[in-house]
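Here is a short tour of a few helices, written to be read with the model open beside you.

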Amino acid sequence: MSLKSIAQHLGLSTSTVSRALNGDPDVSSDTRQRVLSAAKASGYTPNQNARRLKRGKSDIVGLVYPFQHNLIENVGFIQNTASISAVLAQENIDVFLISDAFFDQRLSFVRLIESRSVDALIVAHTQTYDPRLIYLQEIGFPFLALGRSQLPGRYAWFDFDNEAGTMIATQAALAAGHRRIAYLGGACQLNFIRQRLHGFQRAMRQAGQTINPDWLFDIPLTSYAGYQATRAMFSADVAPTAIVTDDRFTGEGVAIALQELGYRPQDIALYVYDGLPEDTTTTFEVIPIEQSTGDKVGEQIGRMTLSLLAGTPPEQLQVLWQPALGRLSTPFPPADIGDGGLTCR
């Protein structure tokens, strides 16, 4: 049944039926309910393209995410994207995934904005000074940043307290008696990487501990890089007794190397942000720095995006979630590490 047929059936004008279907507040609630019931009974489906054109909206949100070789392997990313899409789909809004190279000054999404192909952007993996966010703020385009950045104006963001995560992990290692603690972080200017490094440094500084520069790494966020760094550390006469990593893939490489070298969790305490990948092959147990599941994160981001599209001021859309420290499934007493650290095998 067409819009015109519904109008004739109800004895209403076509414009009244159209306004009722579009939620026009000038249409009475009784009339709106009659129109909605008739449309549902007839199986009427509005022409979405026509509705979008009339409203000047695309009903599309772009998710800007820097391309990485292991992106599709990241279960958390897939869960996040699926949950965001599910929340927005309830309001007939679609999600475009926009691949964006790290530090690409060309800003791949500009064409989509200029052509009005998207109504808002969700921008992931923010930098401390992010040219993408600066541009969006300058032109007044609505966006939700997944991670905080240093911007001149107020903006909407969702983030985890990354500094707190590595800080509580390092404090736990210190409380267990460890003094020789290594840190493996990403070689990148992304804000969450810098925040996690600051958490480690802050915990060590507050405990009056000196950070060994030979045990402080900035490496690619890959399993291979974590593996190579660990083999290098443990080729020396004295090695760390605890290791903190800021990424699950790096942590996986560390765990594989430690297992190959014959170490056990009671020998080396390994703290891994987000825990090991679900499909890891290593059986070396780690202590995860846990964040909420991808589903819950995606749902939160989806709800915030809907609020942004509804006109909620960006300063009212700022959410910071706290991480927590997990534990080994089999608790081990701290190793007797002494003052000289663990001697490598």
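Which elements do the buried residues of α11 pack against? Keep in mind that this is a predicted model. The partners are β6 (181-186), β7 (216-219), α10 (223-233), β9 (242-245) and β10 (269-273).

Helix α11 itself covers residues 248-260, 13 residues in total. From its first C-alpha to its last it reaches 18 Å, close to the 18 Å expected at 1.5 Å a residue. Ten of those 13 residues are buried, so α11 is largely enclosed by the rest of the structure. You can find them as R248, F249, T250, G251, E252, G253, V254, A255, A257 and L258.

The two ends of α11 also deserve a look. Just after the helix, G262 takes a positive phi of about 90°.

Now turn to another pair of helices, α1 and α2. Their axes are 8 Å apart and the packing angle is about 110°. The two are therefore roughly perpendicular to each other. The table shows which residues make the contact.

| Helix | Range | Residues in the contact |
|---|---|---|
| α1 | residues 3-10 | L3, K4, I6 and A7 |
| α2 | residues 14-21 | T14, V17, S18 and L21 |

By type, the residues of this contact of α1 with α2 divide into five nonpolar, two polar and one charged.

Notes:
Residues numbered from 1 in each chain as written. Predicted model: local features only at pLDDT ≥ 70, side-chain atom pairs only at ≥ 80, totals over all residues. Heavy atoms only, no water. Helix = DSSP H or I, 4+ residues; strand = E, 2+ residues; numbered from the N terminus. Expected span 1.5 Å × (residues − 1). Buried < 20%, exposed > 50% of the residue type's maximum accessible area, 1.4 Å probe, protein only. Contact = heavy atoms within 4.5 Å. Axes fitted to C-alpha atoms, helices over the stretch in contact; angles between N-to-C directions. Parallel < 35°, antiparallel > 145°, perpendicular 65-115°, else oblique. Nonpolar A, V, L, I, M, F, W, Y, C, P; charged D, E, K, R; others polar.
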